[in-house]
Amino acid sequence: MTAHTTPAATARLGRRPGTNTTRQAILAAARARFAADGFTATTIRRVASDAGVDASLVMQFFRSKNELFAAVMSVPADALTRFSAAFEGAEDGLGERVVRAFLEVWEEDVRSSEPLMAILRGAIANEQANEQLRGFLQDRLLVDALASRSADDDLALRVGVVSSMLVGLVVGRGVVGVPTLTGAEREQLIALVGPAVQSVLVPMRADGRGTEAAR
C-alpha cells in the first residue's frame, strides 16, 4: 500500500516559499509563544510546531533559544512615540495619560504587546530580557519623558516607583490574572490608578500646587 502524505503534513514538514517568509513565520510564532509561556517553558520544538516547520529549520535561522528570544524582543518605535506623547501637554491629567498610554501599548497593539509580554515573562529567567525590560521602562521611556519636565533630586526614585506601579498592574492583569483586574474595564483602571501615578509624577508643594504649576 502506498503511503499518502496529507497536504497539512506536507505544509508542516516542507520548506516555506521564501526565506524571509519563513523567518517571519518563525518570529511570529516565537513572539506569541514567549508572550504566553515565558522564556523557560518555551522550546524550539514548540515554536517550530506553531510555525509549521521543522525544528531544524528554526535552528538554521536562530542558533539557540537565546538568539531567537533576542530577535523577538523588538518593540516597534511607534510604541515609544505613543508613550512619550503622553507627557506632552498640561500637567493636569498627566497620570491618567501615562496609565492609558502604558496599558494601550501593553494590551491593545499586538505588535508591541507580544514583545513586551515576552520580555516581562522572560525577565525572571533571562538576564537579557531583564535588561531589556529595565531599559524599556526607565531609560527609554520614563526618564527621557520626564527629564524635560522636572529635574529634581527625586526624579530617579519617582520614575522607579511609577515603573513598579505600572508593571505591577500589567503583571496582575496579564500574567497572574487577578480576577478583579482582568474583569475591570481599562477606563476604570485608568481612573483609579491615574491619580496615584499623578501624585508621584507631580509631587505637590506645601501650598497644594504641583511643582510645574509653581514655576
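Helices are DSSP runs of H or I that hold at least four residues, and they are numbered from the N terminus. The model used here is predicted.

**Exercise 1. Overall fold**

Determine how many helices and strands the protein has, and what share of its residues is buried.

Solution. 
Step 1. The count of secondary-structure elements gives 12 helices and zero strands.
Step 2. Read along the sequence, the pattern is therefore α-α-α-α-α-α-α-α-α-α-α-α.
Step 3. A residue is buried when its relative accessible area is under 20%. Of the 215 residues in the protein, 41% are buried.

**Exercise 2. Helix packing**

Describe how α7 is oriented relative to α6 and to α10.

Solution. 
Step 1. Two packed helices are described by the angle between their axes and the distance between the axes.
Step 2. For helix α6 (residues 77-85) and α7, the axes come within 8 Å and cross at roughly 165°. This angle is over 145 degrees, so α6 is roughly antiparallel to α7.
Step 3. The crossing of α6 and α7 is right-handed.
Step 4. For α7 and α10, the axes come within 11 Å and cross at roughly 40°. The two helices are therefore oblique to each other.
Step 5. The crossing of α7 and α10 is right-handed as well.

**Exercise 3. Salt bridges**

State how many salt bridges the structure holds, and work out which residues are linked in a network.

Solution. 
Step 1. Side chains of opposite charge can pair when their charged atoms come close. The cut-off applied here is a nitrogen of Lys or Arg within 4 Å of a carboxyl oxygen of Asp or Glu. The structure holds eight such salt bridges.
Step 2. One of them joins R33 to D50, with an N to O distance of 2.9 Å. R33 lies in helix α2 (residues 19-41) and D50 in helix α3 (residues 44-51), so this pair ties together parts that are 17 residues apart in sequence.
Step 3. A salt bridge also connects R46 with D37, where the closest N and O atoms are 3.4 Å apart.
Step 4. R33, D37, R46 and D50 are linked in a network of salt bridges.

**Exercise 4. A contact across the sequence**

Identify where R186 and E108 lie, and how many residues apart they are.

Solution. 
Step 1. The side chains of R186 and E108 meet in a salt bridge of 2.9 Å, N to O.
Step 2. R186 is in helix α12, whereas E108 is in the loop between α7 (94-107) and α8 (110-122).
Step 3. The two residues are 78 residues apart, and the pair links distant parts of the chain.

Methods:
Residues numbered from 1 in each chain as written. Predicted model: local features only at pLDDT ≥ 70, side-chain atom pairs only at ≥ 80, totals over all residues. Heavy atoms only, no water. Axes fitted to C-alpha atoms, helices over the stretch in contact; angles between N-to-C directions. Parallel < 35°, antiparallel > 145°, perpendicular 65-115°, else oblique. Left-handed = near helix turned anticlockwise from the far one by under 90°. Buried < 20%, exposed > 50% of the residue type's maximum accessible area, 1.4 Å probe, protein only.
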